[in-house]
Structures are given as structure tokens and as C-alpha cells.
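Here are my notes on the structure, as numbered points.

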Amino acid sequence: MEKELLGRLEAAVARLEALGAAGSRSAGTSFDLADAAAADPAISAIDDLISGPLARVSEAAGKIGGQVREVTKIVEEAFAVQKDLLVKAKQCQKPDAVGLQEFLKPLNEVILKASTLTEGRRSDYFNHLKAAADSLTALAWTAYSGKDCGMSLPTAHVEECWQMAEFYNNKVLVAYRNKDPDHVEWAKALKELYLPGLRDYVKGFYPLGPVWGPAGSTVSAPRSASSTSKAPPAKAPAPPPSLVSSETAPSQPKQGMSAVFQEINLGKSVTTGLRKVSDDMKTKNRTDRTGAVSTTEKDFRASSFSFSKTGPPKLELQMGRKWAVENQIRKKDLVIDDCDSKQSVYVFGCKDSVLQVKGKVNNITVDKCTKMGIVFTDVVAACEIVNCNGVEVQCQGSAPTISIDNTSGCQLYLSKDSLEASITTAKSSEINVMIPGAGPNDDWVEHALPQQYVHTFKDGRFTTSPVSHSGG
């Protein structure tokens, strides 16, 4: 009984604090966000990130100037906006999907601002602009709201987004390696900003997403430059939950401090409405219940666990940048037709299915799929097949790079426009490439990529050559 009273007292104190905070806000006082940020180690850590790797990126961009400096300023603005959002999130109650979208609107506007620089005619600094713009999507980890929100965990999200940007960042390194050290420094600092910078920051402070404030507070997104005066007024803060259950509450319950102290003063009368457990209701005395677990119950638990581990099927566009196709089983009619060259496609955990991508996309990644078929038109960066078994990939347009890693059984169909594609394989077997014949009516020609090599030491160095088989 003492433990129960102690628990109710703690709940009452929590409610008093919530009422006091709501009362102070209604009286016109506000949180001092500057003081709260100064005392928060997570905010101090993001300040270190901004003054460290991001400062290096800005210093190198200042030496380069032009569009590189312009896009770097947008990167600085994006990190400043994210810091502001993290500070305000701790003063706000976790919002619903619509409220979260409004809360993240300033960050989305900055990301779109960077993307507009990559549109139109390509400049000499296109790779710089693309690397910076694509990297900013990593800041969208703040949209993670749970395992069913359709996003990867924040740390994994940062890594995935940087992989998209690294393709262009590496082009900067290769192009200026022996030409201009400022460009090389800019590219190296940009990578360190995200890996390990932002990744380790998110992993250390926000592994499960943003930290939100207590119940009763409301989401108040920072005003952006595009905000108008005609915005609808914010809803009033929701009242704190009542300590009195709906079954024992009177028809006209008291409110405020009176209800709290009335609940505390109830004492032993709180338990008067509870039913007494008789001897025949106890589990040890029931003949219909035993300690043995039936085979049916075990099978049900095993099947339920395997289902939850696989996850629900998905085919959706996330944050306007990434098509997620996950856990599709025996679906032969999967189609993505509303896509553009700024979006990526990530296929994960699919089995015995076929996906058709109509239009040009930035890159396609097929991960941990079995007996999966992919038909696409064009990719800007690369098509990657990772950790798969028995997949077929057909390129109907062009693809500069095709990467196959840790895959067993992959059949590639290349069009005439993709014959110059660079095909990279690692830890893979049974890789066959089909190319069209010389004439329009000729049959396709199959080429097997070698999976075994011979290494010989000669003249002070090793030489590597594929194994030749009889009849090959």
C-alpha cells in the first residue's frame, strides 16, 4: 500500500510540474532556449561539429569561391537550422505526422535550396554542388519517429545518404588530386563532416531519433523566410492527463490542483472498488491451465516472431528523395513510374518479385534479395547489387557503373547504350552478362564473368589472370 501511495504521489508531483509549466506559458513567460542549449551536452556537441569539420569545409570553400562557396553557405545554414530544431524539440511535445512535417519545414526548405543549384546547365563545379546537396539529406534523420515510420534508424540513415553524396565527392577528389589542393581539402572535410562526424554525433546522442519535451507542450517550428502572416493560429496546449481513471471519475470531475489533492487524500478508499481474487481464480488452483506449452502455441509464437522480424511490405517515396521497396514477396507487378534523376531506389528484403523503374533515377541499390528481377531505364550514378542470390537485372537505357558485391547468381541484360558500363564484382559467383547481337534479329550473346583467378609471382611482382576452363 505504501508503494502504491508513493507512486501516486510521484504522479501527482509530475502533474503539478506540468500544470505549473503550462501556467507560466499562459502568463506570457517563455523558455530561455539559449540557456537550455548552453547546458545541453548534445547541443554543445553539435557546436563542436560546426566549429570543427564544417569550419574546415567553409575555409576551403572560401579559397575556391564561386558556386562552391555558395553551396557551402547553404550547408552552414542547414546545420544551423538543425541545431535550432533540436533545441526546440526538447521544449515541444512529440507531434503527429502533420505536425512533424510542419516542424521540419525550415530544414526541407534549405535542402531544396541546395538542390536548385544542381538544376539546369551543368557548371564546372557540378560535382561539388551535387555532393553538398545530396549530403544534406542526411540531416533528415530528425524525421525518424519510430520503427514503423518508413525510415532507417538515424545512424543508418546518415550513412545511406552519404553513400549517395560520396559518388560525386569522389569525383572531386579524382579530378583535383594533382591540380588544386583546396578542392581536395574541401572534399575530404565534407566527408569527415558526415563520416564520422554527424554519424557518431547521432549515434551518441540521438540513436532513436529526436528527444521531445514533456506532454502538454506544443510544437512550435522556427519561422522561415517563406512564412506568411496568414498562417492558422496554433492550437491550445492539450491538458495533462487526469490521474482519475475513466471508470471511477465522477460525472463532473474537479480540475486543476483540487483534482490532484483529492486523489492523494482518497487513501485506502482508492482500492474499495477492486474485486477480491478468490482461491479458485488463482492460476495454481485452475485445472484448465498447466505449465506446459502446447505445440500449437509454440508454432504460433515462432511464426509471429518471424513475421515481425521481416517487417511489413513497402513501396513508397520517403522525404521526396528515396524510393523504398522492402519485403515484397511474390509480387510480379511492382512499378515505379513517377520518378526523377534526383531520387534513388533502395530495394531490400524482396523475394520472388519483379520491379520495373520507368524513368531516370540517380542510383538503384538491391540489397538482400532472392530471386528478384529489376528492370530499369537509366541511372545517373550506379546500379548496385549487394548480398543477393539469384537476381536478374535488365538495363534498357544507360548505366555508367554496375557493382555486384557478395552475390551468388546474377544475370545482367545490357542494352546497346549500356555496353560501355563499368562492371565491378567482388566476392560474387555465377555472374553472366547478356548483350544484344550485332543485328536487330540476332540472338542475345551470353558472356560469363570469371570468378576464379590465378596469381603468379614473376619478375618481382604478382600477376593475376582469370582461370581458363576447357571448353570455355
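1. The charged end of Lys-322 sits over the ring of Tyr-346, at 4.8 Å from the ring centre. Bear in mind for this and every other point that the model is predicted.

2. On the overall make-up: the chain has 11 helices and 14 strands. It runs to 472 residues, of which 36% count as buried. Among contacts with a separation of 6 or more, 40% are made by residues 24 or more positions apart.

3. Helix α9 (residues 181–205) packs with helix α8 (residues 154–176) at an angle of about 170°, and the two axes are 9 Å apart. Angles over 145 degrees count as roughly antiparallel, so α8 and α9 are roughly antiparallel to each other. Sorted by class, their contact holds 14 nonpolar, 3 polar and 6 charged residues.

4. Helix α3 (residues 41–64) also packs with α9: the axes come within 8 Å and cross at roughly 170°. That angle makes α3 roughly antiparallel to α9. The contact of α3 with α9 has 18 nonpolar, 2 polar and 5 charged residues.

5. How do α7 and α9 run relative to each other, parallel or antiparallel? Their axes are 11 Å apart and the packing angle is about 10°. Angles under 35 degrees count as roughly parallel, and α7 and α9 are therefore roughly parallel to each other. On the α7 side the residues that meet α9 are His-128, Ala-131, Ala-132 and Ser-135; on the α9 side they are His-183, Trp-186, Leu-190 and Tyr-194. This contact divides into 5 nonpolar, 3 polar and no charged residues. As background to such spacing, an α-helix has 3.6 residues a turn, so residues three or four places apart point the same way.

6. Of its 10 residues, 9 are buried, which leaves the helix mostly covered. The buried residues include Lys-130 and Asp-134, along with Phe-126, His-128 and Leu-129. Ala-131, Ala-132, Ala-133 and Ser-135 are buried in α7 as well. The elements that cover the buried residues of α7 include α4 (66–89), α6, α8, α9 and β5 (351–367).

7. His-183 is a residue of helix α9. Is His-183 buried or exposed? The cut-off for buried is under 20% relative accessible area; His-183 has 4%, so it is buried. Apart from residues up to four places away in sequence, His-183 touches Ile-64, Tyr-125, His-128, Val-172 and Tyr-176.

8. On aromatic side chains: a search of the whole structure finds 11 aromatic pairs. In one of these, Phe-126 and Tyr-168 have ring centres 6.1 Å apart and planes at 85°, so the pair is edge-to-face. The pair links distant parts of the chain, with Phe-126 in helix α7 (residues 126–135) and Tyr-168 in helix α8, 42 residues apart. Both Phe-126 and Tyr-168 are buried. Elsewhere, ring pairs link Trp-141, Tyr-201, Phe-205 and Tyr-206 into a cluster.

9. Asn-362 lies in strand β5. Its relative accessible area is 1%, so Asn-362 is buried. Leaving out residues up to four places away in sequence, the residues that Asn-362 touches include Lys-130, Asp-134, Met-164 and Tyr-168. Others that Asn-362 touches include Asp-340, Ser-341, Lys-342 and Gln-343, and also Val-379, Val-380, Ala-381 and Ala-382. Asn-362 and Ala-382 are 20 residues apart along the chain, and their C-alpha atoms are separated by 7.5 Å.

10. Thr-116 is found in helix α6 (residues 105–116) and is partly exposed, with a relative accessible area of 44%. From C-alpha to C-alpha, Thr-116 and Ala-133 are 8.8 Å apart in space, and they are 17 residues apart in sequence. Thr-463 has its place in strand β14 (residues 461–466). At 35% relative accessibility, Thr-463 also counts as partly exposed. Its contacts, leaving aside neighbours within four places in sequence, are with Val-454, His-455 and Thr-456.

Technical notes
Residues numbered from 1 in each chain as written. Predicted model: local features only at pLDDT ≥ 70, side-chain atom pairs only at ≥ 80, totals over all residues. Heavy atoms only, no water. Axes fitted to C-alpha atoms, helices over the stretch in contact; angles between N-to-C directions. Helix = DSSP H or I, 4+ residues; strand = E, 2+ residues; numbered from the N terminus. Parallel < 35°, antiparallel > 145°, perpendicular 65-115°, else oblique. Nonpolar A, V, L, I, M, F, W, Y, C, P; charged D, E, K, R; others polar. Buried < 20%, exposed > 50% of the residue type's maximum accessible area, 1.4 Å probe, protein only. Contact = heavy atoms within 4.5 Å. Phe/Tyr/Trp six-rings, centres within 6.5 Å; stacked < 30°, edge-to-face > 60°. Lys NZ or Arg CZ within 6 Å of the ring centre and 35° of its normal.
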